[in-house]
Amino acid sequence: MDHNISLITTIAAALGLGLLLGMLAVRLRLPALVGYLAAGVIIGPATPGFVADVALASQLAEIGVMLLMFGVGLHFSLDDLLEVKGIALPGAVLQIAVATLLGLGVAHWWGWGMGAGLVFGLALSVASTVVLLRALEDRGQLDSFNGRIAVGWLVVEDLVTVLVLVLLPALAGPLGGKTTGDPDASLWATLGWTFLQVGAFVAFMLVVGRKLFPWFLWRVAKTGSRELFTLAVIAAAVGIAFGSSHLFGVSFALGAFFAGMVLRESELSHRAAEETLPLRDAFSVLFFVSVGMLFDPLVLVEHPLQVLAVLAIILFGKSLAAFVLVLVLRYPLNTALTVSASLAQIGEFSFILAALGMSLGLLPELGQNLILAGAIVSIAVNPVMFKAIAPLERWVRARSAHARHMERSPDPLAELPATVTHERLTDQVVLVGYGRVGRRIAEELTRQGVHFVVAEQNREMVEDLRRRDQPAVAGNAAEPAVLIQAHIARAAMLVIATPDTFHVRAMIETAKVLNPGIKVLVRTHNEEEARLLREETGGTVLVGEHELARSMTRHVLEGLAHVAAVAH
């Protein structure tokens, strides 16, 4: 087979086979990502038959990495991260440290050097944001409290990985790899020069990019041409990534990430994300297919024990570390299990780290194959991990009184302070959820002088509310103990403002048992779900889109009435 095939043949083979195997993976209830990786294995040099151009696919993969990192930056929300910083920041850092040490340990056992072990451990420590978001979306948990913690945790992992991508080339020489800078320069001089280059790039993007990039997009948007706008966003993402590499010496990935972060502050960010999504998805497929092309399936036969060791670290080692950390931080068992399942896989950042480690002469080819094997198997198994959460939670609670006791009794935030007066706990509103909607409801209730108690799973929010002398209790309101602490028996109304409607029925059932005459108000974004909730609970259910339409219609009618009054 001739290896000098054309660009069109490579793209056609990658996208065509990726489509077929991606569809097959979805039919088997696996992430489509598994199909893309399998497509790469089939057209790669390690398997017989048609072989795509690996060098050409690698260049296409570089564009995929740029657009992938651009998308990460475009969706990076500092506010969302700050909401769960108390658990996501220490948890992710400690979990990365544990997983990296496990990787270092097995690498040392296999006789690898420090550099190889460090890259190997770091690659096993970072989970795939793409896989997690798809898993949470499929289960309707993306906007839930547990979902926000898991996403925030992975955002911290992404930021740590970006930092590693910046520092690794400077540290490659001392770690036994290729020296990328002056071979006679000291380690501190090399690190200093690296930080200086990164600092100059960040300053340029924050000072110049924040003003120039959005201004440029506005000028393009005013042309009214959709294709020009899409072209402008893609050209800016790839151009900034390329320019940052040549002018400031930083990686393509970091340049594209900052391009996305800068664009996020523009009012056109949502349109940019929507318009570029198809192209980003297409090049992401090429990226994953090219990664699969690097995988040699023989590693599963020739090194089965090492593959099992890698899977043990991914599926159990770092997940167990995260499970313990979440419980130590006094979060519920369900949260600990959800975070553990979210982390039981690796993906795109692991591939990027492995490729960088290979190019720097740090990671052996076997290490990259083991990482790819671990990624393919863990991504395929991850849906099973999520499905195991509910039965495992029931099993633990049924057999461990300590687990039940540990979840609530020692937690001071699980009980209202004794200083809350009887007056504020009579005919009050119990407000479940203090997110964007709940916060606005609370502000209006405060202005109207209405007493209310907040039930919220985010411990940081509960602590902040109590500092402001607002009664609040930490925990999942689906558990009767939480609503009991909120004095639901004496409440006038239960308002469920959380976007997580999975536990709504349990909340309403508990409220009705303890207070049969209580009024219930629920929010949802799903009309079918709203209909079922009305039938089953008898409460008032508001659909977000309907309420927005009513509000806009009211403003339209008021505006027309004003115009008519002026005309007369």
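**Group meeting talk: a walk through one predicted chain**

Trp 110 is buried, and Phe 120 is buried too. Let's start there. Keep in mind that this is a predicted model.

How do these two rings meet? Trp 110 and Phe 120 form an edge-to-face aromatic pair, 5.8 Å centre to centre, with 65° between the planes. Now look at where they sit. Trp 110 lies in the loop between helix 5 (85-109) and helix 6 (114-125), while Phe 120 is in helix 6, so the pair ties together parts that are 10 residues apart in sequence.

Phe 120 has another partner. With Trp 112 it makes an edge-to-face pair as well, at 5.2 Å centre to centre and 80° between the planes. Trp 112 is buried, like Phe 120. Put together, Trp 110, Trp 112 and Phe 120 form one aromatic cluster. The structure holds 6 aromatic pairs.

Now step back to the whole chain. It has 25 helices and 6 strands. Of its 568 residues, 50% count as buried. Take the contacts with a separation of 6 or more: residues 24 or more positions apart account for 73% of them. The chain exposes about 27,000 Å², and carbon and sulfur atoms supply 65% of that.

Phe 204, Leu 206, Val 207, Val 208, Leu 212, Trp 215 and Phe 216 form a nonpolar surface patch, with about 650 Å² of accessible area together. Pick out Trp 215. It belongs to helix 9 (residues 187-221). Is Trp 215 buried or exposed? The cut-off for exposed is over 50%. Trp 215 reaches 51% relative accessibility, so it counts as exposed.

Next, strand 1. Val 429 is found in this strand, which covers residues 429-432. Why is Val 429 called buried? Buried means under 20% relative accessible area. Val 429 has 9%, so it is buried. What does Val 429 touch? Leaving out residues up to four places away in sequence, it touches Leu 445, Val 450, His 451, Phe 452, Val 453, Met 493 and Val 495. Take Val 495 from that list. It is 66 residues from Val 429 along the chain, yet their C-alpha atoms are separated by 7.0 Å.

Which residues of helix 23 (residues 504-514) are buried? They are Val 504, Met 507, Ile 508, Thr 510 and Ala 511. These residues cover an arc of only 160° around the axis, so they lie on the same side of helix 23. The face turned away from that buried side carries the exposed residues Glu 509 and Val 513. What do the buried residues of helix 23 pack against? The answer is strand 1, helix 22 (480-485), strand 4 (493-496), strand 5 (519-524) and helix 24 (527-537).

Now the backbone. Most residues other than glycine have a negative phi. Here are two with a positive one. Asp 427 is not a glycine, but its phi is about 55°. It is in the loop between helix 19 (401-408) and strand 1. At 58% relative accessibility, Asp 427 counts as exposed. His 487 has a phi near 60°. Its place is in the loop between helix 22 and strand 4. At 26%, His 487 counts as partly exposed.

Last topic: charges. Side chains of opposite charge can pair when their charged atoms come close. This structure holds 4 salt bridges.

Arg 424 and Asp 469 meet in one of them, at 3.5 Å, N to O. That pair links distant parts of the chain, 45 residues apart. Arg 424 is in the loop between helix 19 and strand 1, and Asp 469 is in the loop between helix 21 (459-467) and strand 3 (472-474). Asp 469 is exposed at 55%.

Glu 444 and Arg 447 meet at 2.7 Å, N to O. Both lie in helix 20 (residues 436-448), 3 residues apart, about one turn of the helix. Glu 444 is partly exposed at 35%, whereas Arg 447 is exposed at 59%.

Then Arg 468 and Asp 464. Their closest N and O atoms are 2.9 Å apart. Arg 468 is partly exposed at 48%, and Asp 464 is partly exposed at 31%.

Methods: Residues are numbered from 1 along each chain as its sequence is written. This is a predicted model: local features need pLDDT of at least 70, side-chain atom pairs count only at pLDDT 80 or more; totals for chains, interfaces and linings use all residues. Side-chain values use heavy atoms; hydrogens and water are left out. Helices (H or I, at least four residues) and strands (E, at least two) are DSSP runs, numbered from the N terminus. Buried means under 20% relative accessible area, exposed over 50%, partly exposed in between (1.4 Å probe, protein chains only). Contact means heavy atoms within 4.5 Å. Rings of Phe, Tyr and Trp (its six-membered ring) pair if their centres lie within 6.5 Å; planes under 30 degrees apart count as stacked, over 60 as edge-to-face and the rest as tilted. Patches are made of residues with over 30% relative accessible area and no salt bridge: like charges are joined within 9 Å, nonpolar side chains (Val, Leu, Ile, Met, Phe, Trp, Tyr) within 5 Å. Accessible areas come from the Shrake-Rupley method with a 1.4 Å probe; for residues, only the protein chains shown count as cover. A salt bridge is a side-chain nitrogen of Lys or Arg within 4 Å of a carboxyl oxygen of Asp or Glu. The arc is that of the directions from the helix axis to the C-beta atoms.
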